[in-house]
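Visitor: I would like to learn how to read the features of a model such as this one, step by step. Could we look at it together?

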Amino acid sequence: MHPSAIARAAADAGLDGIVICDHNAADNVAAVGRAARAAGCVALPGIEITTEEEVHLVALLPDAAAAGVLHARVAAALPGRNAPAAFGEQVIADEHGDVLGFNDSLLAGATAWTVRRAADEIHRVGGLAVAAHADRERFGIVGQLGFVPPGLPLDAIEVSAATAYDAGRRRYADPLALPAITGSDAHEPGAIGRALTFLHLDRAETAEVHRAIRAERGRAVLGGGRPMEDLALHILDIARNSADAGATRIEIRVDEDPEADALRIAVVDNGRGMDAETAARVTDPFVTSRRTRVVGLGLPLLRQAAEAAGGGLRVTSEPGAGTRVEAVFGFSHLDRAPLGDVETTVLVLMASHPDVDLDWTHRRGPREYSLATADLRAALDGASLASPAGLALLRSAVRHGELSLAAPAASRSRLENQP
């Protein structure tokens with residue numbers, strides 16, 4: 001996990017940015033920042049602080065200087081010195097991976113700060129305080145304290161890669177009216193990108209990420225998920241490929257049919273299409289033009305996921321006439337991947353491609369709901385789908401639709417009558 005290895009793994013994953021958060025230290029922040037710039041992505045400075053209650057708080061910091069100031073304050077609050085035989089050497093490296101020295105503080109220990117003091121110290125240097133992996137029993141704020149202290153000045157809640165993003169968001173972030181973020185919490189390069197957060201930014205830089213978490217200047221947290229697992233992110237991947245292929249119209253349909261024991265996904269576009277030979281080869285993992293794996297990992301991995309769940313994948317296309325991708329999964333199959341957070345998929349697609357006509361339909365058993373960008377644009381009266389008003393309308397529409405699928409039949413009529 002030296003700086004250049006981290007940066008290369010992030011770039012290979014197709015990520016625009018990562019946050020570098022050593023435990024109770026920021027010695028390597030500047031080096032990772034330089035390595036990331038060389039690799040074509042951004043590394044945000046951070047520290048993962050352990051409070052005296054054994055709660056982990058992530059500090060998202062504005063720059064390396066602020067990281068240095070907080071690093072010094074955290075070091076002063078740490079008891080004891082490192083025992084390399086027990087905890088290993090705590091290496092300080094440059095951007096090339098050359099060892100510059102070692103941190104002698106007991107980074108595996110807890111600071112003398114309470115969780116409230118830690119949040120205040122983070123804000124004191126202009127940072128954002130995030131409750132790290134709130135869904136985890138160990139070191140998560142709820143697992144350690146049993147609750148989130150009233151008035152604690154948190155800026156966001158992190159859901160770990162072990163929990164589905166939408167479930168974690170609803171349980172931990174929504175009750176506090178805070179944005180939910182997620183990440184890989186990687187401790188080795190191969191784990192980087194196993195969970196990620198989508199942000200609506202003007203450009204990839206630290207200040208913009210802070211604005212998105214604070215919901216300032218039209219920036220926003222759109223959602224998150226696990227690219228290796230969630231089917232919703234496979235859908236996002238396919239639909240973004242459709243937009244890249246020049247599609248001006250994309251139709252997405254998700255059918256959950258427990259009675260037939262089938263989950264069907266269809267993505268249809270009017271893009272440039274492919275000839276028969278190319279269409280037959282696009283599901284081959286060794287024949288791809290993709291250079292990154294930011295979500296979904298492409299059609300080969302979707303095919304693998306479908307076949308693992310007793311289904312399959314079919315791609316039909318014609319030059320100049322668009323492409324149709326259909327995937328079928330055994331609904332109750334033990335190896336079927338979770339659907340994941342459809343809200344993320346719809347928001348990212350519509351925010352990233354506001355001029356593409358997108359029709360979304362989700363059916364579960366006898367119930368379904370549909371969203372069409374044409375109707376949403378009309379409701380916005382000229383405002384962009386990527387505007388704050390547009391994103392708020394999209395989020396509300398998707399949540400209302402998903403709630404209608406999950407609601408008991410007796411309450412469904414009441415939902416349909418709500419504005």
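Guide: Let us begin with the backbone: just after helix α2, G40 takes a positive phi of about 95°. Helices (H or I, at least four residues) and strands (E, at least two) are DSSP runs, numbered from the N terminus. This is a predicted model, in which local features need pLDDT of at least 70 and side-chain atom pairs count only at pLDDT 80 or more, while totals for chains, interfaces and linings use all residues. Residues are numbered from 1 along each chain as its sequence is written, and side-chain values use heavy atoms, with hydrogens and water left out.

Visitor: Which residues of helix α2 are buried?

Guide: Buried means under 20% relative accessible area, exposed over 50%, and partly exposed in between (1.4 Å probe, protein chains only). In α2, which spans residues 29-39, the buried residues are V29, A31, V32, G33, A35 and A36.

Visitor: Against what do the buried residues of α2 pack?

Guide: With contact taken as heavy atoms within 4.5 Å, they pack against α1 (3-12), β1 (17-23), β2 (42-50), α3 (64-76) and β4 (91-93).

Visitor: How many salt bridges does the count come to?

Guide: Side chains of opposite charge can pair when their charged atoms come close. The rule asks for a side-chain nitrogen of Lys or Arg within 4 Å of a carboxyl oxygen of Asp or Glu, and by it the count comes to 30 salt bridges. One of them joins R364 and E256, at 3.2 Å from N to O. R364 lies in strand β15 (residues 357-364) and E256 in strand β11 (residues 249-257), so this pair ties together parts that are 108 residues apart in sequence. E256 is buried at 8% relative accessibility, whereas R364 is partly exposed at 26%.

Visitor: Which residue forms a salt bridge with D357?

Guide: The partner is R377, with the closest N and O atoms 2.8 Å apart. Because D357 lies in strand β15 and R377 in helix α13 (residues 373-380), the pair ties together parts that are 20 residues apart in sequence.

Visitor: Which residues are linked in a network of salt bridges?

Guide: The network links R169, D174, D341, E343, R395 and R399. Within it, R169 and D174 form a salt bridge with their closest N and O atoms 3.4 Å apart; R169 is buried, with a relative accessible area of 7%, and D174 is partly exposed at 32%.
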